[in-house]
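Hi there,

Here is the structure I promised to pass on to you. Have a look at it first, and then read my notes below.

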Amino acid sequence: MDTEQQRKATAGILYAVAAYTMWGIAPLYFKQIAAVPAPDILMHRIVWSSALLAILILALGQFDKVRAIFRSRKVMGLLVVASVLLAGNWLLFIWAINANLMLEASLGYYINPLLNVFLARLFLNERLRGMQKVAVILAVIGVANIIIAHGTLPWVALLLAGSFAIYGLLRKQIPVEPLPGLFMETLLLLPFAGLYWVWFASDAANMLTNSWSLNAWLMAAGIVTTLPLLAFNAAAKRIMYTTLGLIQYIGPTLMFVFAVGMYNEPLEPARLVTFGFVWCGLLLFSLDSLKVYRQQRQAQLLES
């Protein structure tokens with residue numbers, strides 16, 4: 001690897017760490033506006049993300065890519081479905097954080113990469129390797145443990161993992177770049193956010209009567225949404241997807257630490273056992289990914 005490649009890889013890793021760290025500390029932001037109803041926060045997230053993304057689209061000269069999306073009915077239809085999934089995921093995440101269910105949210109994003117592999121097997125006919133199968137089975141055992149111990153399904157974790165995994169699977173099939181794609185998703189949601197603001201929003205949505213500090217927190221939703229995505233896109237262009245996959249555990253790990261250490265969410269033995277099974281599955285998943293990455297690198301070196 002020459003100096004230029006090393007610099008590119010280092011920058012990619014730093015961007016990835018920044019992206020997943022921002023996603024991991026996002027719950028701290030939502031805790032600051034916990035008094036605002038979750039649908040109101042979602043509304044602000046859509047409105048201010050749309051505004052910030054519009055500025056970025058114009059600044060980066062990507063308006064032609066956005067215009068091209070409008071020409072395809074199929075792409076627009078898929079983006080409508082993707083936007084609904086994304087909005088649902090955002091709403092549930094905000095609600096979970098402010099309902100003191102950060103541990104469940106953390107569990108959901110730990111399960112997510114394993115669910116991604118499982119869905120790829122179901123819908124993309126990608127074969128699961130041996131260690132991947134064991135990893136998925138361990139995650140299933142972990143979820144079953146919670147059901148047996150508490151008699152309830154960890155629905156928040158499963159819905160967060162499921163909605164984001166299906167969203168990712170769908171976005172993989174849509175031939176649009178990340179930034180124009182996200183802008184279109186928020187743009188499609190914008191009319192509904194506007195209608196909600198006019199007819200259903202609480203008093204906290206009235207920015208004329210709010211304190212300037214609350215308004216600043218609400219407008220910051222655009223930055224909280226967009227900044228980590230830009231860092232993630234920058235990382236994805238510079239490093240292997242395998243490396244990116246290993247770094248993604250920063251996010252749920254930070255959520256786990258905050259939930260237990262800062263907000264004193266109960267981590268009873270049964271829940272800890274569930275996390276243990278999922279962590280073991282992720283360890284196997286990561287080791288398998290590293291093994292395949294090294295094999296691919298060796299094959300590339302032999303070919304060159």
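**Salt bridges and a surface patch**

Asp 288 is buried, with a relative accessible area of 4% (buried means under 20%, exposed over 50%, and partly exposed in between, using a 1.4 Å probe and protein chains only). Before you go further, please note that this is a predicted model, in which local features need pLDDT of at least 70 and side-chain atom pairs count only at pLDDT 80 or more, while totals for chains, interfaces and linings use all residues. Residues are numbered from 1 along each chain as its sequence is written, and side-chain values use heavy atoms, with hydrogens and water left out.

Back to Asp 288: its side chain meets that of Arg 129 in a salt bridge, at 2.7 Å from N to O. Asp 288 belongs to helix 13 (residues 269-303) and Arg 129 to the loop between helix 5 (102-123) and helix 6 (130-150), so this pair ties together parts that are 159 residues apart in sequence. Arg 129 is partly exposed, at 34% relative accessible area.

A word on terms: a salt bridge is a side-chain nitrogen of Lys or Arg within 4 Å of a carboxyl oxygen of Asp or Glu. Helices (H or I, at least four residues) and strands (E, at least two) are DSSP runs, numbered from the N terminus.

Glu 177 and Lys 65 pair through their side chains at 3.0 Å, N to O. Since Glu 177 sits in the loop between helix 7 and helix 8 (178-199) and Lys 65 in helix 3, the pair ties together parts that are 112 residues apart in sequence. Glu 177 is partly exposed at 41%, and Lys 65 is partly exposed at 37%.

Arg 67 and Asp 64 form a salt bridge as well, at 2.5 Å from N to O. Both lie in helix 3 (residues 63-70), three residues apart, about one turn of the helix. Arg 67 is partly exposed at 41%, as is Asp 64 at 49%.

Finally, which residues form a nonpolar patch on the surface? They are Trp 95, Ile 147, Leu 153, Trp 155 and Leu 159, with about 480 Å² of accessible area together (Shrake-Rupley method, 1.4 Å probe; for residues, only the protein chains shown count as cover). Patches are made of residues with over 30% relative accessible area and no salt bridge, joining like charges within 9 Å and nonpolar side chains (Val, Leu, Ile, Met, Phe, Trp, Tyr) within 5 Å. Trp 155 lies in helix 7 (residues 155-173) and is partly exposed, at 41%.

Best wishes
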